[in-house]
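Here is a short report for a first look at this model. Keep the sequence and the 3D view at hand.

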Amino acid sequence: MSSFDTTSTGSIATVSPSARRSSAWHARAQEGGNVLEIDDLHITATASGADVISDVELDLKPSEILALVGESGSGKTTVGLAVLGHFRTGLTHACGTVWLYPSDADEPAEMTALPDATLRQLRGARVSYIPQDPALSLNPGMRVGEQISEVLDIHGFGSSAEERAERVRSVLREVGLPDDEAYQRRWPHQLSGGQQQRIGIAMAFAMYPDVLVLDEPTTGLDVATQAQVLDTIREMTVRNKVAGLYITHDLAVVAEIADRIAVMLRGRIVEQGGCADVLERPQHDYTKTLLAAVPDLAGRNRIGDFERADVPADEKAAAEARATAAEENRKTHLLTTDATHASPAAEAATASGPETGTSGTAGPETGTASPETGTSGTGGATAASEVSERQPTAPATDAVLQVRGLGLSYGPKTILESIDLDLRAGECTLLLGESGSGKTTLARSIAGLNDGYTGDVIYRGETIARSTRQRSIGQRTDIQYIFQSPFSSLNPRRTIGESLAVPLEMAGGLSAAQRREQVKDALDAVRLGRQFHDRRPGDLSGGERQRAAIARALVNMPSVLICDEITSALDVSVQASIISLLRTLQDERGLAMLFVTHNIALARHIASRVAVLNAGRIVDDGPVDAVLENPQHTYTQELLANVPSL
Amino acid sequence: MIARLILQRLAISIVILFAVSLIIFFATVLLPGDPARAILGQQATPERIAAINEQMNLNEPPLTRYFLWLGGLFVGDLGTSVATGQPVSQLLSDRVGSSVVLMVAAALISVPAGVILGIVSALRRGKAVDNTVTGLSLVLAALPEFVVGIALVAFFSTTVFTILPAVTMRPPGTQVWDFPSQLILPIAVLVLVVTPYIARMMRATMLEVLDSGYVEMARLKGVPERRVIFRHALPHAIGPVAQVIAIQLAWMAGGVVVVEFLFRFPGLGQALIDAVDYRDVQVVQAVTMIVALIYVIVNLLADIVGILTNPKLRTGGDA
């Protein structure tokens, strides 16, 4: 994959400040010496003195990429920033060393103990950083060309302003961006996310650094862009003999790019080894857990079974005890539900894993699952009537919700065009699209949150009003929406119980005690447990919050559930448990689900149908197997070709 | 693009000034009292009242009078003072000069002082300097200007020291700035009242910007601290502060009334107070119009600073 033409390498060698590089350094590099050595690194929280990072030992050789893998809060970024001698507010370097062997000096530098001035000379020149979110890390008030040339100016690249200007142009070409004056004069907000990330990469590579810290540089990028950015990074590390510390939570990306892997858990490195070794023969339980949670395109890695493997879904070390308690509660609850319902259909569905959706048995299964919802005792009067009315009007094969010729434009800009989509009971449709494809707009239109669309949304044979305000209470409660970020969709000042009671209050017809009972049932249904009723979102982890958000969508016993990227803000293991939960709920309740995502690898894990949205049009629509194995549209083919895999 | 935005703001400002002029004119016209009678006092005879009414167009309908007045404003004719019989422009020219000296001097001191104190305070977050600045600015912001003024008078002019004059004396034919020591206390009061707001706002926005990803990135690029602050952080922090500065300077145009009264300073504020006492409608109208003009100008300047420091506004959204 790392194909770079030799001519460009030659032209760069002439610009490269090779003369300044110490020959002793080259000799070391030739002998296989390290360019970075981290020994016994401890970083503590300033306030409490508790260890955030303990006993971290890592080393890096030139041209090598070491992946530092772990979930959010595991301390990956903290270690990465320590390589640049930077500790964020609230963190203190306790002990241990970070030795950098800069190519322009004979003596190594200990990054944690350097005076500020020396540290500044190394940062951005010998060791540079590529941030996670380019939208936040590029200065919105500086032109992009200036942000690159600033690095060169500060570190005194070359001998003249022309040489520096030429380097800005050459590094822009290297990352695949236009190098003309007009492009350099653009502001960050005038570039796409992928282009912004390339500017960040160009900034990091401008000085030909020896060590590069890459902090999840492809998170938030589309797969196609991600593939291009990964290619750029790999090519440039090889070409310029740069060692890379690649911080990520995405094991599929790791498999694509890394030479070695170090797995971090709660501030410690629990496993370290060659890329293939760790991915194929993981030693530590946590690594196995992580690997088990990665969704793959083929659907072999049954992430739905992940939760059954008794892995705490919680990523916060501090919340460990609480998580265990919740886990136990969940298990006992699972036991009781299984015992009381003893539903063979649901059992079979969960056990058979990803195949369930793709097999043709989805229809009949649903038939047995939906009356069960009524008997489970969690449904009130609404649920019972809803089930009875579902039977005659909507046989299992008919669509509960149909979208016909839906279109939407903002001024002259067309966002969506003639969308047709069917959602059936007990069936999950994956709506796949990249950012800007209009997938969220479509989801919101169906839910009635956008009312500016044309065309029809037909629910149970009846065209419903465009805006939720004009829809009847029944229609509103039947179509529920779950938002992407569990961090912003729950009111931080309300307890979970209060937030969950709101939809019930809106629907009316229940006493406070009944509402309370129904909310608690919903909390049980999402395996959170009743004790979460009086907690506030601030006390919950990301996964727990998203479960609470799902519970809020479920309190009114909807028949259509729209999930808008609900796992994209979550770690893979949490994503796996949420996916598993959704599958179970779908089987239990016969929900028609629209799962909006940009991650095609999730298809076989949750959905039975896939609709691919590109630039406002559905370009592929059909059963999962048909679309993934025989994609009709070039866009889908391209998308499938770019998916990183383990 | 920038020019268009600025022109747009300018047009809005002019509309606002028109609206203000309407309100001022009709509010003062509705005030009770007969200007002619007020001017003539004891010597009012029907003939003389009629003559003055004729001279001041008081017989015309209000709308005509409004347009006559508005037209006068454009050519610098602010009308005739009913109290002294002099043209208002002549009466106010000295006064405006004195007040502007006071306000400009206060602004020149308080804006840089507030900005610098805010930056220093943000950079030394949680340290002694920061605590002192935030504590003191909170106390000063809580005190009304006359309390600050009286305290300063007590401290520097009367009870403790007697080094500075407590009131402004200006012999005829001289200007206020001929006696610099008389300016110190009024300026000090304005500075002490205005600076805390600027400093607090500067500190808050600076803290936010210093925590941003691009400031961290600049440091990780090896950018020297001075450049991090002045090139990367300050331009983003100054936008919201410019709005606060504008509001403070505009407040000064009105707040100067109290300060001038306190120090018997012969400025616009004094003129306004005297005019209200004598029901000198023309002067009241002129002074309020001048204050409104200052408000609009400083806010326009703040908008322009905001536009210049925000490239998104400059390039017209996500172009």
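## A helix pair in chain B

H5(B) and H10(B) cross in a right-handed manner. This is a predicted model. Helix H5 of chain B covers residues 88-123, and helix H10 of chain B covers residues 225-263. Their axes come within 10 Å and cross at roughly 145°.

Which residues of H5(B) and H10(B) make the contact? H5(B) brings B:Ser99, B:Leu102, B:Met103, B:Ala106, B:Ala107, B:Val111, B:Val115 and B:Ile119. H10(B) brings B:Ile229, B:Val241, B:Ile245, B:Leu249, B:Met252, B:Ala253 and B:Val256. By class, the contact of H5(B) with H10(B) has 14 nonpolar residues, 1 polar and no charged.

## Where chain B touches chain A

Chain B puts 19 residues in contact with 24 residues of chain A. Three elements of chain B each give two or more residues to this side: helix H9 (213-220), H10 and helix H13 (311-314).

Which element gives the most to the side of chain B that touches chain A? H9(B) does, with 5 residues. The residues on this side of chain B divide into 8 nonpolar, 7 polar and 4 charged.

## The annotated domain in chain A

The UniProt record, an unreviewed entry, places the feature "domain: ABC transporter" on chain A.

Take residues 401-640 of chain A. The span is 37% helix and 26% strand. Its end C-alpha atoms lie 28 Å apart.

Definitions and conventions:
Residues are numbered from 1 along each chain as its sequence is written. Chains are lettered from A and ligands numbered from 1 in the order in which they are written. This is a predicted model: local features need pLDDT of at least 70, side-chain atom pairs count only at pLDDT 80 or more; totals for chains, interfaces and linings use all residues. Axes are lines fitted to C-alpha atoms, for helices over the stretch in contact, and angles run from 0 to 180 degrees between N-to-C directions. Helices (H or I, at least four residues) and strands (E, at least two) are DSSP runs, numbered from the N terminus. A crossing is left-handed if the near helix is turned anticlockwise from the far one by less than a right angle, and right-handed if clockwise. Two residues are in contact if their C-beta atoms, placed from the backbone, lie within 7 Å. Ala, Val, Leu, Ile, Met, Phe, Trp, Tyr, Cys and Pro count as nonpolar, Asp, Glu, Lys and Arg as charged, and the others, Gly among them, as polar. UniProt positions are given in the numbering used here, feature names are shortened, and annotations may be inferred rather than shown by experiment.
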